[in-house]
Amino acid sequence: MNIQLLLLSLAVLTLSACGGGGGGNSSSSDGNIETTSPGSDNSGSDSDNPDVAVDNGNSSTTPSQPTPSQPKPSEPTPAEPDSINQATYYADAIGETGYSLKTALSRIISLGHIDRGYNWVFFNANDRDLYFENDGSILDIYSENPTAADPYHYVIASDQCGNFNSENDCYNREHAFPQSWFDRDYPMRSDVHHLFATDGFVNSRRSNHPYGNVSSASWTSRNGSKLGNEASAQFNGTVFEPIDEFKGDLARAYFYIATRYENRIANWQGNGTADNVLNGTANQVFDSWHLNLLKAWHQLDPVSQKERDRNQAAFAYQGNRNPFVDNPQWVNVIWGQ
Ligand SMILES: [Ca+2]
Ligand SMILES: [Ca+2]
Ligand SMILES: [Ca+2]
């Protein structure tokens, strides 16, 4: 235990010491938002921080890059350091409830957050299938089939987008909370807690539509992710519905965004189509229809080992955690039943 705590501390110190690469300076303010050309995600901005790509590669505490078909490491599991962090990392939030808890958590997860820049390092190291096929291929929430063979697989790095015209052309990075909703600003744009490696084409179909429950699908991806009209009468518009396996993952990413960016998110309602899900407040943050949906998805799809591992890897990488992966009960403590 003590050795692992020491290693964690060293990891954070190491990240602090070499964190100069912050990518908030990219010149990619081209005005494009993710609704536009499919290839826009992989414009020049991806390669403008090569130094960041190098500096993380030799961190021994970042979950190492397993080669395909390598079994999951068995010795010090990520769950162990997690349990240490419960007592120390969240100490200042103990005793808080309601929106005061959210504010306390916001301070905690903002304090150590280092912007590592917009690059591929984290995704190629951590968005890997060690859970379903366990083959080390990209774990793509928009093409993974948890109960059967996947429709296609992506090889790390070599299958990065690239241009695409259909599914299975290449993978890029999905901003679960669309970039246009925070004006493509940093550190949100590079915050790995809401970024996921996904098929480029499905990503472009999702566009900046809110996540929601589809009543009847106008389009369905090969793993069953759907595009169509929202089923709830509270929202009249097109939504994107991921498969059940990843609904909770995405809901908890949204609760993270609401908490980490509590001091900014009330001002985002006018950005792009953000008004579809945001209510312009710093406390509730979301419109009721969307809050109810996120809470329902959070219950439907509880925290999995994949999320715990990814949260630990994100902590090692950018220095902060998703509190709702560590403490799922805090969703109700903050936003009510
Ligand atoms: Ca898979
Ligand atoms: Ca599968
Ligand atoms: Ca899940």
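## Salt bridges, a disulfide and a calcium site

Glu-174 is buried, and Arg-206 is buried as well, where buried stands for under 20% relative accessible area, exposed for over 50% and partly exposed for what lies in between, with a 1.4 Å probe and protein chains only. This is a predicted model, in which local features need pLDDT of at least 70 and side-chain atom pairs count only at pLDDT 80 or more, while totals for chains, interfaces and linings use all residues. Residues are numbered from 1 along each chain as its sequence is written, chains are lettered from A and ligands numbered from 1 in the order in which they are written, and side-chain values use heavy atoms, with hydrogens and water left out.

Glu-174 and Arg-206 form a salt bridge, with 3.7 Å between the closest N and O atoms; the term covers a side-chain nitrogen of Lys or Arg within 4 Å of a carboxyl oxygen of Asp or Glu. Because Glu-174 belongs to strand E1 and Arg-206 to helix H6 (residues 200-206), the pair ties together parts that are 32 residues apart in sequence. Helices (H or I, at least four residues) and strands (E, at least two) are DSSP runs, numbered from the N terminus.

A search of the whole structure gives nine salt bridges, and the table sets out three of them.

| Salt bridge | Closest N to O distance |
|---|---|
| Asp-127 and Arg-310 | 2.8 Å |
| Glu-174 and Arg-206 | 3.7 Å |

Asp-127 and Arg-310 meet in a salt bridge with their closest N and O atoms 2.8 Å apart. This pair links distant parts of the chain, 183 residues apart, with Asp-127 in the loop between helix H5 (121-126) and strand E1 (171-175) and Arg-310 in helix H9 (residues 305-318). Asp-127 counts as buried because its relative accessibility is 4%, and Arg-310, at 10%, counts as buried too.

Arg-264 is partly exposed, at 28% relative accessible area, and Asp-185 is partly exposed at 34%.

One disulfide is found in a search of the whole structure, a disulfide being a pair of cysteine sulfur atoms within 2.5 Å. The cysteines that it joins are Cys-161 and Cys-170, with an S to S distance of 2.2 Å. The torsion about their S-S bond is about 95°, and the disulfide is therefore right-handed. Cys-161 counts as buried at 8% relative accessibility, and Cys-170 counts as buried at 2%.

The calcium ion (ligand 2) is coordinated at 2.1 to 2.6 Å by Glu-133 (OE), Glu-133 (OE), Glu-144 (OE), Asn-145 (O), Ala-148 (O) and Asp-150 (OD). Donors are N, O and S atoms within 2.8 Å of the metal (3.2 Å for Na, K and Ca), and sites may look incomplete because water is not among the atoms. The angles among the six donor atoms of the calcium ion (ligand 2) run from 55 to 153°, and the site is irregular. Glu-133 coordinates both the calcium ion (ligand 2) and the calcium ion (ligand 1), which are 4.1 Å apart. Glu-133 is partly exposed, with 28% relative accessible area, whereas Glu-144 is buried at 2%.

Notes
Four donors count as tetrahedral if all angles lie between 85 and 135 degrees; four count as square planar and six as octahedral if opposite donors are over 155 degrees apart and all others between 65 and 115; anything else is irregular.
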